[in-house]
Each structure stands twice: as structure tokens, then as C-alpha cells.
Amino acid sequence: MALKHTRAWTPVLAAFSPTKITGLSVKASLVALKSFSSTTQGEDTGKAAGQTVVSERRGSVVTVAINRPEVRNAVNQETARRLLEELEAFDSDPDLNVAILHGKGGNFCAGYDLKELANHTASLKLEQDVTKGPGPMGPSRLELSKPLIAAVSGFAVAGGLELALLADLRVVEESAIMGVFCRRFGVPLIDGGTVRLPRLIGLSRALDLILTGRPIGAQEALAYGLANRVVPDGQALQAALQLAEQLSSFPQQCLQADRSSAIYSCYDAPSFTQAMQYEIDHGIPVIQSEAITGATSFTTGTGRGGKFS
């Protein structure tokens, strides 16, 4: 279930613009990425003019897009608020099964918008009780009850990486660059980066990325388990939609119960025994609601031989 909290918050530095990267080892990748990021990959951004976040329903799937391509989809206060609203609305809508988070114009998200931060010279305040207020990037403190897929293109760095970590699955384009780029400026990860990244890829690899702030490309991310799929440039959103439609086609009570149990065992369970108890407690009701019907379908030939269609 999504966390309930107030909407009042002030922006805080969570990232920095990737335009100042100087590492020679990634120079070629970043040159190629700059060219790729200047296009819209066929997206119609005109209809979304003036909206920092746009969403589109496609049956039981909703896409949520950060729409600030002029700043590589850096998140400002308004964008963070809108992202939070859209993902909370998705989680509470019984007609939606899967959400996809992506960025317009060839980049996922370059983190928090430093230009907005520079215009706020007063002391910054942030709700430190994570149960009472949103994170600086907006939805980073949510515990969604349904799958979220990140379609990653271009830069997904600093706070943008933390948004990608919020997702259950990450579909990453070949030229995408991820990393804790805020390292050089003494900016901490306060949108779940130090919590989710070690759980996803292990402490040793997470510390390599967190401590050095170095860029990580799509293939290395795939080897680490940070990326779940790598696709050609310009195809992340389409591949994510296909994946979302597949997930949405499965019996949903069973899918959500198994997802919930996996997340509980990873983050919340105090012991193996209690994790096992949670699994059985949430699995038993599904047997009556979906498993018996599924078993009956199997006896008539559906799904024989491992077929998914």
C-alpha cells in the first residue's frame, strides 16, 4: 500500500546537471548520448506543452512521463508533486495493473533541477519523518502495491537513478548512462538510493557506484542486475509496454501477492520464519480466488508445455 503523507515540502539538492562530466573513459558514450538525447524518439511532446508530467492510459497500463526535456527531465518542485500524484492515483485505481515511468525527449531524468535550487537561498527544510512527507524527488518514499516499470533512456543519474530504483523492473536503452553523479558535490542520496541499490545489486557493487559516483552503462548495469532488459536506443518505452501488458495479462491477485511477499522478505521480515508465514498467509486466499480456476484451465490443455499464450 502506498504511504499516506502530507504534500507540503521544499526542494532539496538531490542531483546535478550531467553536462559537466569530464571523465575521458566515457567521453565517446556521452558524445553519442548527447546526439541521441536531442531527439524525441518519435514522441509527441507538443500536446504536453506546459505540463511537467503527462500520463496516458492504455487499457490496464498507465504511462507516466517526466516532460522537461529542455533540462534532461530534471525534477523541480512542481514535477515532484505531479509524479507523486500520478503514482498515488495509479496505486489506488483498481482498473490499472502496471505503471511505466519514463522521460520525454530521450532522457529518463537528470536528477533534481539545480537552477530551481539556486533560486532558493533561504534555509532548506525537509520532512525527516519519512512516513509524514514525500521525498525531494516526489514518489521515492512510496511503497506501491502494484508493479512499476522504468523505461530508461539517456541519463538516469543522481535523483534520477533513485527514481529508477523505485521501479520493480528497469528496461534500459543501449546508450543509457546511470550513476550517482551527485557524489562530486557532497550531495547525499536521500530518495532511497542507499536503501534500494544494495538490495538490488549487493553491497559491494552498490558501494562501488555510491562511493565513486562513476557512470555505469547499460551492459554493465545488466550484468549487475540493475537493468533487467537492454534494448536498442529509442525502444525502451515500447519494450516496457510489452512487458507491462504481459504482467497485466496474468491473474492479478496471485501476481500481487507474490510480489508483496518477495518485497516483504527483502525489506521488512525480521526472520526467515516470519517471511515464510507472510508468504503462506497471503497465498492461501489466492487459491480460492484464482488458483482453482487456473488449475481447471490447465486440465483442459491451457498452458501445457510451458506456453504463455
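Colleague: What share of the residues of the protein chain counts as buried?
Modeller: Of its 309 residues, 48% count as buried. Keep in mind that this is a predicted model.

Colleague: And how much accessible surface does the protein chain have?
Modeller: About 14,900 Å², and carbon and sulfur atoms hold 55% of that.

Colleague: OK, on to the fold. How many helices and strands are there?
Modeller: The protein chain has 10 helices and 9 strands.

Colleague: Which strands form the open sheet, and in what order?
Modeller: The sheet has 6 strands, and the order is β1-β2-β3-β4-β6-β9. Their pairing is mixed.

Colleague: Which ones sit at the edges?
Modeller: β1 (53-58) and β9 (229-231), each of which pairs on one side only.

Colleague: What does the twist average from one strand to the next?
Modeller: The average is 20 degrees.

Colleague: Pick a pair inside the sheet. In which sense do β3 and β4 pair, parallel or antiparallel?
Modeller: Parallel, over 3 bridges, with β3 covering residues 98-103 and β4 covering residues 148-152.

Colleague: Which residue of β4 does Ala99 stand opposite?
Modeller: Leu148.

Colleague: Last one, on contacts. What percentage of those with a separation of 6 or more comes from residues 24 or more positions apart?
Modeller: In the protein chain, 75% of them.

Conventions:
Residues numbered from 1 in each chain as written. Predicted model: local features only at pLDDT ≥ 70, side-chain atom pairs only at ≥ 80, totals over all residues. Heavy atoms only, no water. Helix = DSSP H or I, 4+ residues; strand = E, 2+ residues; numbered from the N terminus. Buried < 20%, exposed > 50% of the residue type's maximum accessible area, 1.4 Å probe, protein only. Contact = heavy atoms within 4.5 Å. Areas by Shrake-Rupley, 256 points an atom, 1.4 Å probe, with all protein chains shown as cover. Pairing = 2+ DSSP bridges. Axes fitted to C-alpha atoms, helices over the stretch in contact; angles between N-to-C directions.
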